[in-house]
Each structure stands twice: as C-alpha cells, then as structure tokens.
Amino acid sequence: MRTVISLGGGVQSTLLALACTEKYYDKKIAEKIRDPIIIMSDTGSEKPETMEYVNNIIVPELKNSNIEHYIVTSQYGVLHEFYKEQNIIPYRRYRSCTDRFKITPINKKIKELGFNKKNPIKLVFGITVDEAQRMKPNTKKWIQNIYPLIDEGLSRDDCIAWYEKHDLPIPVKSGCFCCPFTTQKEWLKLNESHPELIQISIDLEENASKFRERKISLFKDDVSLGDLIEGHQRQMPLEAFFEEFSSDDECSANCFL
C-alpha cells in the first residue's frame, strides 16, 4: 500500500518529507513511509517563508532523491482573494477554508493518481505527541491516516532538535497569514516581519464588516485584528486584548501545520 505525505511546510510535516530523502534519511521514520508520494496544497496565502523553504530546500531534495511530489491548488483560486470576493473571512467555527483549500485539493490529487476503494492508501500526517488529540480517522474508509512521529514518541521540540542535528533551518509555523487560529503573539510577530500581509488581513475584516451589522474579526469575536494592531502601535498593554480563543476551539490540524 502506497503512502502519501500531506506536506504543510511546517516543522513536523517537513521533517517527514526530508527524512525520506537521501541526504536527510532517517531510517526509523522512513521505514514507516516507504515509497512515499508528497502532496502539498498551496492556498496562495501561505507565509512567504513557508514557500521559500518548500521551493528552496524541500523540493530540490525530493527531486534529487526521485521522490514523487506535487504542489496542488484549489479550484477556488487564492484563499484570501476568494474570501474578499465573497465578503467573508476564514472563520474558526466553520473551517470551510480547510476543506476548500487543503483537504479537497489533496483528496482530488489522490484520486487522480488512481487511489480509491480498490486501491487504498495510507495518508501521513505530521502530528507529534504534544498534540495527539488531533489524531482522527479519515472520513474515507479507503484512506488510513497514520502518524509516524507519534509512533516514534516525538514531540515538536524533538523535531526541532532533528533540524539542529542535520544543520537545517527550522521552518516557521505553517498556515495562512490570515488564519483565524493565529495567536496574539503570532499576529504581532507577523506585523513586524510582513506588515503588508497584516494589512491584507485587516482589509478582509473591514470588507466583510461592511456587509454585517457588527465588526467581523480574525482575532476575537469582539476585538478585531485591526484593533489589536492599532492598540499595539499605540503601545496599549496587551492584557487589554486578553487571551486567544478557547482551548476547546482549537485548530483541527487539517491544514497540516
């Protein structure tokens, strides 16, 4: 049975892909993912650092090792442009962005490659022991989700140590720059490195709010991302914006962070 690695470009899934290459071969992990196919869905709204890592480090090593790999996109186009056209934003509770821009494009490619009920596959996710609650069976019975990093008892910190051991840069946390699961700290860090992306996200909020009776927010229900950034620029204490979303409303990891 073939295996497909769902590549998100973050610490865990990147390790899985690189561990199968000749240069960074890791026997314990690679033996669980023999003859892999790597598939990444590029939403068009990925952080620049993620795509630079994918294009400059991951893809060249996959090519050098003759590992089959694909970067696919959604029929809906670029994520943030789609949401602006629809006058809405990505929303934590509905997860439509995950389905439209990650799960569906990857599943479509899997079917195009000839996998189905008569030809099942294993789908590999980069989830570590510190987020084991995100493990879930696949909704399609002919796709078996597997978690090699959990099988090896590895945490996110262990993965970071793996990069250091192999003298590799550590990937940034993957995910769209307008993801509603971005934490307060991550929003502010992104504002320092890519203020233009923050502005696109704020524009999404403001555009969606024009068609609603209240502010629409990527940050908190009653505190917009625009409010957070403006308050930070005015040097307001961050406690004024309190904690992020509830732990009961966490990322599903279907974006393969």
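Leaving aside neighbours within four places in sequence, which residues is Met-40 in contact with? The views below start there, in what is a predicted model.

View 1. Once neighbours within four places in sequence are set aside, Met-40 touches Leu-7, Gly-8, Glu-46, Thr-50, Met-51, Val-54, Tyr-70, Ile-71 and Val-72. With a relative accessibility of 0%, Met-40 counts as buried, since the cut-off for that label is under 20%. Lys-109 sits 69 residues away from Met-40 in sequence, yet their C-alpha atoms are 9.9 Å apart in space.

**View 2. Thr-14, a residue of helix H1.** Is Thr-14 buried or exposed? Its relative accessibility is 0%, so Thr-14 goes down as buried. Skipping neighbours within four places in sequence, the contacts of Thr-14 are Leu-7, Gly-9, Tyr-53, Ile-58, Tyr-163 and Pro-171.

**View 3. The largest nonpolar core, with 29 residues.** Inside this core, the residues with the most contacts are Leu-15, Trp-162, Tyr-163 and Leu-168. At least two core residues come from each of strand S1 (3-7), helix H1 (11-18), strand S2 (36-41), helix H3 (48-64) and helix H7 (156-165). H3 gives the largest share, seven residues. Zooming in on Leu-15, and again leaving out neighbours within four places in sequence, we find contacts with Ile-29, Leu-149, Cys-159, Trp-162 and Tyr-163. Another core lies apart from this one; it has 24 residues, including Tyr-83, Cys-176, Ile-198 and Leu-228.

**View 4. Helix H8 (residues 184-193) against helix H9 (residues 195-209).** Two packed helices are described by the angle between their axes and the distance between the axes. For this pair, the axes come within 5 Å and cross at roughly 125 degrees. H8 and H9 are therefore oblique to each other. On the H8 side, Trp-187, Leu-190, Asn-191, Glu-192 and Ser-193 make the contact, and on the H9 side Pro-195, Leu-197, Ile-198 and Ser-201 do. Sorted by class, that contact of H8 with H9 involves five nonpolar residues, three polar and one charged.

**View 5. Confidence along the chain, with a look at residues 245-249.** The average pLDDT of the chain is 91, and 91% of the residues score at least 70. Over residues 245-249, though, the pLDDT is below 50. In the model this stretch has nine contacts beyond near neighbours in sequence. Where pLDDT is low, the predicted coordinates should not be read in detail.

Terms used. Residues numbered from 1 in each chain as written. Predicted model: local features only at pLDDT ≥ 70, side-chain atom pairs only at ≥ 80, totals over all residues. Heavy atoms only, no water. Axes fitted to C-alpha atoms, helices over the stretch in contact; angles between N-to-C directions. Helix = DSSP H or I, 4+ residues; strand = E, 2+ residues; numbered from the N terminus. Parallel < 35°, antiparallel > 145°, perpendicular 65-115°, else oblique. Contact = heavy atoms within 4.5 Å. Nonpolar A, V, L, I, M, F, W, Y, C, P; charged D, E, K, R; others polar. pLDDT = per-residue confidence, 0-100. Core = buried A, V, L, I, M, F, W, Y, C linked by side-chain atoms within 4.5 Å. Buried < 20%, exposed > 50% of the residue type's maximum accessible area, 1.4 Å probe, protein only.
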